[in-house]
Amino acid sequence: LGDRFSIRNFVLSSSSSGIPTRQMLDESYIFDGFVFSVCLKGKFTFKLNYREYSAEANTIFVSAPGHIFKLVDRSEDLVFESLFLSSDYVMQLPLPKDLDLLKKLSEEPVKKITEEALHNMLELHSMIAKHHNREGNRYKELQTKALIFAMLAEVAFVYSENADCAPKAISRQEVLTDEFFKLMIEHFKSERGVAFYADKMCLTPKYLSMAIKSTTGYPISDWITEAVILEAKRLLKVTDMTALQISEELNFPNPSFFGRFFKQYAGMTPLEFKES
């Protein structure tokens, strides 16, 4: 990235949709998949939706599908390895029903790990990249999936070591906020109004608005706008879609309206951002 911050991304997916192949950590993003990362050096603070977490060396941090990732702060010597797995890829794996990994990751996305666990994960990560990049190996897809399954099993083992720890209690408003974020990530491209989400959750718009503002400190409209802007930035950077196509994808009435909206919140036109 041109400075002392280092990140190596390795992306696996059965489709190319939504994969942040040119994603920089300094930019917020939404990824409809799993991001498994191991911090090797330094430390940083980040937000998943509205909750803030800190990670440091010998820490695993995981982002599940449907989260807005936002970097808050980082040290200059930050180094970590990441594995991006799209949701469709993970769903193809024969995960046992009692694994319940997604629930554990949602409750504790950042976890300190032992030197042995760190070594095991880095070794598996290296083997995944090695086998996936082998030319002329007709079994590499099977080998890669087997190694990723082993990686997820290692993550599950790490999380099972403190299985007796009681999960952190969350308030009714936090439950509603988490439910809202799941709905927003699913529908923000076409639905911008509070009434839509309130109706989906069987609440009044006023009550939902108060719950979100109380929990996150920001109104619903700000969160929806951020999701739209992040998706617009992603489409501008990693696709060849025109402004017309993006405005249609994000349900804007026309490209001019989309351009004004984008400049208001991003500080530059879509074309200026694409060429930046």
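The protein exposes about 15000 Å² of surface, and carbon and sulfur atoms supply 52% of that area. Keep in mind that this is a predicted model. Of the 276 residues in the protein, 43% are buried. The fold has 11 helices and nine strands. If you look at contacts between residues at least 6 apart in sequence, 71% of them join residues at least 24 apart.

**The largest nonpolar core**

- This core has 34 residues, and the ones touching the most other members are Ile 68, Phe 180, Met 184, Tyr 197, Leu 208 and Trp 223.
- Helix 8 is the top contributor, with 10 residues.
- Trp 223 is worth a click: leaving out residues up to four places away in sequence, it touches Asn 49, Tyr 50, Ile 68, Phe 180, Phe 181, Met 184, Ile 212, Thr 216 and Tyr 218.
- Apart from this core lies another one, of 27 residues, with Val 38, Leu 85, Leu 101 and Ala 117 among them.

**Strand 3 and its partners**

- Strand 3 covers residues 33-41, and seven of its nine residues are buried, so the rest of the structure largely encloses it.
- Strand 3 pairs with strand 8 (residues 79-86) in the antiparallel sense, over eight bridges.

**Cysteines**

- There are zero disulfides in the structure.
- For background, a disulfide is a covalent bond between the sulfur atoms of two cysteines.
- Cys 39 counts as buried because its relative accessibility is 0%, under the 20% cut-off.
- Cys 202, in contrast, has a relative accessible area of 71%, which is over 50%, so it counts as exposed.

**Aromatic rings**

- The count of aromatic pairs comes to 20.
- One of them is Phe 46 with Phe 61, a tilted pair at 5.9 Å centre to centre with 45° between the planes.
- That pair links distant parts of the chain: Phe 46 sits in strand 4 (residues 43-48) and Phe 61 in strand 6, 15 residues apart.
- Phe 46 and Phe 61 are both buried.
- Phe 252 and Phe 261 make another tilted pair, at 5.1 Å centre to centre with 55° between the planes.
- Phe 252 and Phe 261 are likewise both buried.
- Ring pairs also tie Tyr 50, Phe 180, Phe 181, Phe 196, Tyr 197, Tyr 218 and Trp 223 into a cluster.

**Two asparagines with positive phi**

- Asn 49 has a phi near 60°, a positive value in a residue other than glycine.
- You'll find Asn 49 in the loop between strand 4 and strand 5 (51-56).
- Asn 49 has a relative accessibility of 9%, under the 20% cut-off, so it counts as buried.
- Asn 251 also isn't a glycine, yet its phi is positive at about 65°.
- The loop between helix 9 (243-249) and helix 10 is where Asn 251 is found.
- With a relative accessible area of 47%, Asn 251 falls between the 20% and 50% cut-offs, so it is partly exposed.

- Ala 198 has its place in helix 6.
- At 0% relative accessibility, Ala 198 is another residue that counts as buried.
- Setting aside neighbours within four places in sequence, Ala 198 is in contact with Leu 203, Thr 204, Pro 205 and Leu 208.
- The C-alpha atoms of Ala 198 and Leu 208 are separated by 6.2 Å, with the two residues 10 apart along the chain.
- Leu 208 also turns up among the residues touching the most other members of the largest nonpolar core.

Conventions: Residues numbered from 1 in each chain as written. Predicted model: local features only at pLDDT ≥ 70, side-chain atom pairs only at ≥ 80, totals over all residues. Heavy atoms only, no water. Disulfide = S-S within 2.5 Å. Buried < 20%, exposed > 50% of the residue type's maximum accessible area, 1.4 Å probe, protein only. Helix = DSSP H or I, 4+ residues; strand = E, 2+ residues; numbered from the N terminus. Contact = heavy atoms within 4.5 Å. Areas by Shrake-Rupley, 256 points an atom, 1.4 Å probe, with all protein chains shown as cover. Core = buried A, V, L, I, M, F, W, Y, C linked by side-chain atoms within 4.5 Å. Pairing = 2+ DSSP bridges. Phe/Tyr/Trp six-rings, centres within 6.5 Å; stacked < 30°, edge-to-face > 60°.
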